[in-house]
Amino acid sequence: MSTTEPAEGPDQGVAMARRPTTSQCLFCDGALSHVFCDLGMSPLCESFVQEGDLNKMEAFYPLVVYVCPKCWLVQFYKYAAPTEIFSEYAYFSSYSDSWVEHGGRYTEMIIDRLGLTSDSHVVELASNDGYLLQHFVKKGVPVLGIEPAANVAKAAEEKNVPTLVEFFGRKCATRLVEEGKAADLIIGNNVLAQVYDINDFVGGITILLKPGGVVTIEFPHLLRLMAENQFDTIYHEHFSYFSFLSATGIFKAHGLRLFDVEELPTHGGSLRIYACHDEDRAHPTTDRARGLLEREEAEGFRGLSRYGAFQEQVDATKRGLLDFLIQAKRQGKSVAGYGAPGKGNTLLNYCGIRTDFIEYTVDRNPYKHGRYLPGTHIPIFAPERIAQTKPDYVLILPWNLKDEIMKQNAFIRDWGGQFVVPIPEARVYP
Ligand SMILES: [Zn+2]
């Protein structure tokens, strides 16, 4: 069965929120009118507010995600220009120790699996601050990073990672091939969701990839997002949310075959897909890839009703977190946040949690210190603030890093402090 052909059409009486829209699917020409998840109005999650701007107006956009009934891509339509979002991106991957280690392990594995040498060429799309490519540089494998945010690209250059400040697409890929910079390995970690013109992006990969070359791309798995209530990973900067099924269809349309897949624990459950040129016989499709496709189909990812059930899960998670916070406040407890990630801003804005519940949050990234969370205006301090104020509860907003954060901040137990993780449901870790 073709992956672009719906097994269940849009008009089969599925009880699902509909919103009138003139928008079309980012990938195919399907009309977007079936709501997957409505999180109300929210500001752009990376637009941290400076002290002097606290009394100014702030732009809020609908945080509503749709599912395309033709290709099953879960997605937004465009509210804000990518240049507005990414020209000064505040996220530096190197601020997360576990993410840098993840990059180190991947490098060892892939150099070995593909037999990469000093004659190979590795290109990473959205290479951020060089947290990953630095490992290849140390192993003597030539690399090129492509990163649209100038401030993080500069940090990569300081790690000896050559970096182009540019958006990747067919034009960029064609030029690189002309310059003799086609790739044996193309890496894209947590970038696919942030691509607005997905056909230009994946089309660019096809152009840049050498015959026999391999692409690995990591993205949060929609199946896990839905199974574990990770609605806070939905934000305007993430245009698309992929199942293996929808990704397979998109890559296939661009002459690329997903021949293998790994399920990873990162970001609450991600996929690492392996792609090659469709005609590349050196990379036969694995049982793992076939098995995951079958599993998603068995779970109903080719039918609207599976997607339509998500909103109630989201609402229940919100009620549970508010229950906990209201109880804590009634008991006179103090609550601080940990982290200022994009997902925290979706969660706090959707749940209506401001300084009435959380006095402040902390973050390791000095860029955010002295600024305020968008929408909720919760102040952001350096992590030392926690030891100074000794809160009763520390709410971990980047719950995907909860083990690392609990270890680093185990000292809160000295004064009886407890950690709280909001997703998949509010849970206290004594
Ligand atoms: Zn579509």
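Colleague: Which residues do ring pairs link into a cluster with Trp-72?

Modeller: Phe-36, Phe-301, Tyr-307 and Phe-310 are linked with Trp-72 by ring pairs. The model is predicted, so local features need pLDDT of at least 70 and side-chain atom pairs pLDDT 80 or more, while totals for chains, interfaces and linings use all residues. Residues are numbered from 1 along each chain as its sequence is written, and side-chain values use heavy atoms, without hydrogens and water.

Colleague: Why is the pair of Phe-36 and Tyr-307 called edge-to-face?

Modeller: The centres are 6.3 Å apart and the planes make 70°, so the pair meets the limits of within 6.5 Å and over 60 degrees. Phe-36 is in strand E1 (residues 34–42) and Tyr-307 in helix H10 (residues 304–308), so the pair ties together parts 271 residues apart in sequence. Helices (H or I, at least four residues) and strands (E, at least two) are DSSP runs, numbered from the N terminus.

Colleague: What are the values for Phe-76 and Tyr-241?

Modeller: Their ring centres are 6.5 Å apart and the planes stand at 65°, so this pair is edge-to-face. Phe-76 lies in the loop between strand E3 (74–75) and helix H1 (82–86), and Tyr-241 in strand E9 (residues 240–241), so the pair ties together parts 165 residues apart in sequence.

Colleague: How do you know whether Phe-76 is buried or exposed?

Modeller: Buried means under 20% relative accessible area, exposed over 50%, and partly exposed in between (1.4 Å probe, protein chains only). Phe-76 has 1% relative accessibility, so Phe-76 counts as buried. Tyr-241, at 6%, is buried.

Colleague: Why is Arg-371 said to sit over the ring of Tyr-367?

Modeller: The rule asks for NZ of Lys or CZ of Arg within 6 Å of the ring centre and within 35 degrees of the ring normal. The charged end of Arg-371 sits over the Tyr-367 ring at 4.3 Å from the centre. Arg-385 lies over the face of Tyr-360, with 5.3 Å to the ring centre.

Colleague: What makes helix H6 mostly covered?

Modeller: In H6 (residues 198–208), 8 of the 11 residues are buried, including Phe-201, Val-202 and Leu-208.

Key
Rings of Phe, Tyr and Trp (its six-membered ring) pair if their centres lie within 6.5 Å; planes under 30 degrees apart count as stacked, over 60 as edge-to-face and the rest as tilted.
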